[in-house]
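Thanks for coming, everyone. I'll keep this short. Please have a look at the model on the screen, and then I'll take you through it.

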Amino acid sequence: MATAVATAPLAGHEAVAARYLEVDPVYAETRSIRLLGFVFFLLSDCVLFGAFIFAYVYLRISAPTWPPFVGNHRLPWFDTAFAALNSIVLFGSGVTMHFALENWKHLNRQKFYRWLIATIILGLGFLLGQAHEWTGVLRGGVTWPGSTMGASFFTLTGMHGFHVFVGVCYLTVLGLQARRGIYTGSKYFGLTAGTLYWHFVDVIWVVLFTLFYVW
Amino acid sequence: MTEAQIEKIIALLGALLVGVTAAVQLRNDWAAKGLDALVTKVLLGLMAVGCVLAFLAAINVLGVHA
């Protein structure tokens with residue numbers, strides 16, 4: 001393999017794949033098993049969100065009016081403009097995390113740390129935006145115990161926000177581990193898993209944004 | 001200009017920037033193989049869809065309630 005790499009210089013994805021093949025076969029096999037396990041973890045999280053999303057959709061389509069009435073007061077719609085802005089902050093963090101991993105794969109450590117820090121900052125920005133959004137929703141009279149709309153909204157966005165918070169902590173730990181030299185140019189499964197998790201959190205938000213703000 | 005209008009303009013520009021970047025990254029990664037690459041491509045594609053939704057919401061095509 002080393003001869004093949006030496007005679008034909010590789011670039012891009014091929015270079016990254018060739019580095020994997022140079023690693024000991026035990027690691028390559030372990031990595032495949034870990035990756036499969038991590039994908040199953042993400043799928044199990046999909047089931048968790050799916051159950052709550054199904055409950056929300058059921059409650060909404062079976063309600064006589066939406067937003068529902070609480071007494072004589074009809075609850076307000078959620079703020080689409082701010083949610084669109086906050087969504088872009090989260091989606092932007094997905095792109096920066098993708099750049100971080102790509103730079104790690106191509107052995108550009110400085111850029112990796114810059115993009116990772118940008119991702120963490122954008123993740124924190126999204127959480128602050130969510131706190132602002134929750135404050136506005138509560139001011140509008142939508143509360144957790146007060147209506148099915150509030151219960152669904154706070155449960156689902158709260159669960160998602162918790163996932164984002166865990167993701168921010170996870171990425172911070174990954175950055176510190178990378179700094180300590182735990183990952184190398186050919187062994188970086190933790191970073192791959194972190195990136196997949198962060199993309200997953202983004203995609204869950206696409207669904208929640210559609211259900212709460214677009215529908 | 002109202003606060004909502006400013007938010008929509010920033011969301012609009014952000015959706016364009018992030019959506020195009022996600023689409024370009026998706027195209028660059030199209031040839032990558034393996035389970036992680038496959039999952040990344042699916043998730044990047046869905047994120048690009050999210051940008052389209054945010055864009056449409058910012059220009060009042062979606063999320064306008066009477």
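**Helices, salt bridges and an interface**

Let's start with one residue. A:Ala55 lies in helix 3 of chain A, residues 25–62. Helices here are DSSP runs of H or I with at least four residues, strands are E runs of at least two, and both are numbered from the N terminus.

Before going on, the ground rules. This is a predicted model, where local features need pLDDT of at least 70 and side-chain atom pairs count only at pLDDT 80 or more, while totals for chains, interfaces and linings use all residues. Residues are numbered from 1 along each chain as its sequence is written, chains are lettered from A and ligands numbered from 1 in the order in which they are written, and side-chain values use heavy atoms, with hydrogens and water left out.

Back to A:Ala55. The cut-offs are under 20% relative accessible area for buried, over 50% for exposed, and partly exposed in between, with a 1.4 Å probe and protein chains only. Now go back along the sequence to A:Phe40. A:Ala55 and A:Phe40 are 15 residues apart in sequence, and 23 Å apart in space, C-alpha to C-alpha.

Helix 3 of chain A as a whole has 38 residues. From first C-alpha to last, helix 3 of chain A reaches 55 Å, close to the 56 Å expected at 1.5 Å a residue. Expected span means 1.5 Å times one less than the number of residues. The buried residues of helix 3 of chain A include A:Tyr27, A:Arg31, A:Leu35, A:Asp45 and A:Arg60. Keep A:Arg31 in mind.

Next, the whole chain. Chain A comes to seven helices and two strands. In sequence order the pattern reads α-α-α-β-β-α-α-α-α. Chain A has 215 residues, and 50% of them count as buried. Contact means heavy atoms within 4.5 Å. Take the contacts in chain A with a separation of 6 or more: residues 24 or more positions apart account for 75% of them.

Helix 7 of chain A runs over residues 189–214. Its 26 residues should span 38 Å, and the end C-alpha atoms sit 36 Å apart, which agrees. Of those 26 residues, 24 are buried, so helix 7 of chain A is largely enclosed by the rest of the structure.

Two single sites now. A:Thr119 lies in helix 5 of chain A, residues 109–139. A:Thr119 is buried, at a relative accessible area of 0%. Neighbours within four places aside, A:Thr119 is in contact with A:Ser93, A:Thr96, A:Met97, A:Leu171 and A:Trp198. A:Asn86 is in helix 4 of chain A, residues 80–105. A:Asn86 is also buried, at 4%. Residues up to four places away aside, A:Asn86 touches A:Gly125, A:Phe126, A:Gly129 and A:Gln130.

On to charges. Side chains of opposite charge can pair when their charged atoms come close. How many salt bridges are there over all chains? Two, from a search of the whole structure. The rule wants a side-chain nitrogen of Lys or Arg within 4 Å of a carboxyl oxygen of Asp or Glu. One of them joins A:Glu102 and A:Lys105, at 3.5 Å, N to O. Those two are three residues apart in helix 4 of chain A, so about one helical turn separates them. Both A:Glu102 and A:Lys105 are buried.

Last topic, the interface. It takes 31 residues from chain B and 32 residues from chain A. Chain B and chain A bury about 2700 Å² between them, 78% of it on carbon and sulfur atoms. Buried area is the accessible area, 1.4 Å probe, that two parts lose on being put together, summed over both. Between chain B and chain A the count is one salt bridge. Here A:Arg31 returns: its side chain meets that of B:Asp36 at 2.8 Å, N to O. Helix 1 (3–28) and helix 2 (35–58) of chain B each supply at least two residues of the side that touches chain A. Helix 2 of chain B gives the most, with 13 residues. Both B:Asp36 and A:Arg31 are buried.

That's my tour. Over to you.
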